[in-house]
Amino acid sequence: MTAYPTLLDTALPVDGRTRRLLRDAGLALAGSVLLTLSAKTQIPFYPVPMTMQTFVIMVLGMALGPRLGTATVMLYLAQGALGLPVFAGTPEKGLGLAYMAGPTGGYLMGFVAGAWLCGALAERGWDRSWLKTVAAAGLGHAAVFAVGFAWLAVLIGAETAFAAGVAPFWAATLLKTALAVAVLPPAWAVLRKVRG
């Protein structure tokens with residue numbers, strides 16, 4: 001199947017390997033900062049407060065593509081592993097690898113899977129229409145939850161893991177999926193207009 005260009009490559013094309021490397025490094029760093037901000041922003045929501053991390057993960061994956069989107073998430077995780085307070089609840093709930101080995105560690109690893117999957121689907125054009133964007137973001141969220149739930153189930157058992165780590169987040173996940181739809185297809189529409 002032919003790969004579609006990403007939103008990034010369409011909006012900010014560059015010539016030459018060095019320029020591409022500089023652009024991508026800058027965007028990965030900016031993306032890791034955005035992930036930190038999204039982790040630290042708590043929005044009152046029912047039944048639990050939500051952060052915007054998975055929304056940012058899905059959008060970064062689709063906009064940057066599977067390689068750069070995944071690299072951006074891995075940079076963010078590396079910053080956390082080194083002890084920088086980039087995750088939700090840090091430094092209060094711990095730092096570094098100790099935090100990553102705790103209950104939320106599986107979800108952090110799931111971010112990698114979610115970003116890669118959303119990026120791979122975007123390379124197949126799934127970020128250009130609202131229906132396919134819903135599907136891509138939904139599958140990306142499912143990947144995050146699958147890895148997170150699996151790790152949490154090891155720590156506290158499957159039933160408790162589902163009740164504490166999956167069920168309370170369904171409404172927030174629907175909202176963040178809708179927000180991804182509100183961002184990506186319109187961004188493509190604007191680019192098409194600008195490029196004629």
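**Helices, salt bridges and aromatic pairs in a predicted model**

The model is a predicted one, in which local features need pLDDT of at least 70 and side-chain atom pairs count only at pLDDT 80 or more, while totals for chains, interfaces and linings use all residues. Residues are numbered from 1 along each chain as its sequence is written, and side-chain values use heavy atoms, with hydrogens and water left out.

A142 has a relative accessible area of 39%, so this residue is partly exposed; buried means under 20% relative accessible area, exposed over 50%, and partly exposed in between, with a 1.4 Å probe and protein chains only. The C-alpha atom of A142 is separated by 7.7 Å from that of G114, although the two residues are 28 apart along the chain.

Helix 6 (residues 105-122) has 18 residues, which at 1.5 Å a residue should span 26 Å; the expected span is 1.5 Å times one less than the number of residues. The end C-alpha atoms of helix 6 are 26 Å apart, which agrees with that expectation. Helix 6 is also mostly covered, with 14 of its 18 residues buried.

Attention now turns to charged side chains. A salt bridge is a side-chain nitrogen of Lys or Arg within 4 Å of a carboxyl oxygen of Asp or Glu, and by this rule the count comes to 5 salt bridges. One of them joins R20 and D9, whose closest N and O atoms are 3.5 Å apart. Because R20 lies in helix 2 (residues 17-40) and D9 in helix 1 (residues 7-11), the pair ties together parts that are 11 residues apart in sequence. R20 counts as partly exposed because its relative accessibility is 35%, and D9 is partly exposed too, with a relative accessible area of 27%.

A salt bridge is also formed by E123 and R67, where the closest N and O atoms are 2.6 Å apart. This pair links distant parts of the chain, 56 residues apart: E123 sits in the loop between helix 6 and helix 7, and R67 in helix 4 (residues 66-81). The relative accessible area of E123 is 13%, so E123 is buried, whereas R67 is exposed at 60%. The side chains of E123 and R67 are likewise joined by a polar contact of 2.6 Å; such a contact is a pair of N or O atoms within 3.5 Å, and within protein one must be able to donate a hydrogen and the other to accept it, with residues adjacent in sequence counting only if both atoms are side-chain atoms.

R128 and D127 form a salt bridge as well, with their closest N and O atoms 3.8 Å apart. R128 counts as partly exposed at 22% relative accessibility, while D127, at 0%, counts as buried. Elsewhere, salt bridges that share partners join D9, R20, R23 and D24 into one network.

Rings of Phe, Tyr and Trp (its six-membered ring) pair if their centres lie within 6.5 Å; planes under 30 degrees apart count as stacked, over 60 as edge-to-face and the rest as tilted. The structure holds 4 aromatic pairs. Y107 and F145 form an edge-to-face pair, 6.3 Å centre to centre and with 85° between the planes. Distant parts of the chain are linked by this pair, with Y107 in helix 6 and F145 in helix 7, 38 residues apart. Both Y107 and F145 are buried.

F145 also pairs with F169 in a tilted arrangement, 6.5 Å centre to centre with 35° between the planes. F145 lies in helix 7 and F169 in the loop between helix 8 (158-165) and helix 9 (170-195), so the pair ties together parts that are 24 residues apart in sequence. F145 is buried, with a relative accessible area of 19%, and F169 is partly exposed at 26%.

A cis peptide bond, with omega about 5°, joins T90 and P91. P91 is found in the loop between helix 4 and helix 5 (96-100).

Key:
Helices (H or I, at least four residues) and strands (E, at least two) are DSSP runs, numbered from the N terminus.
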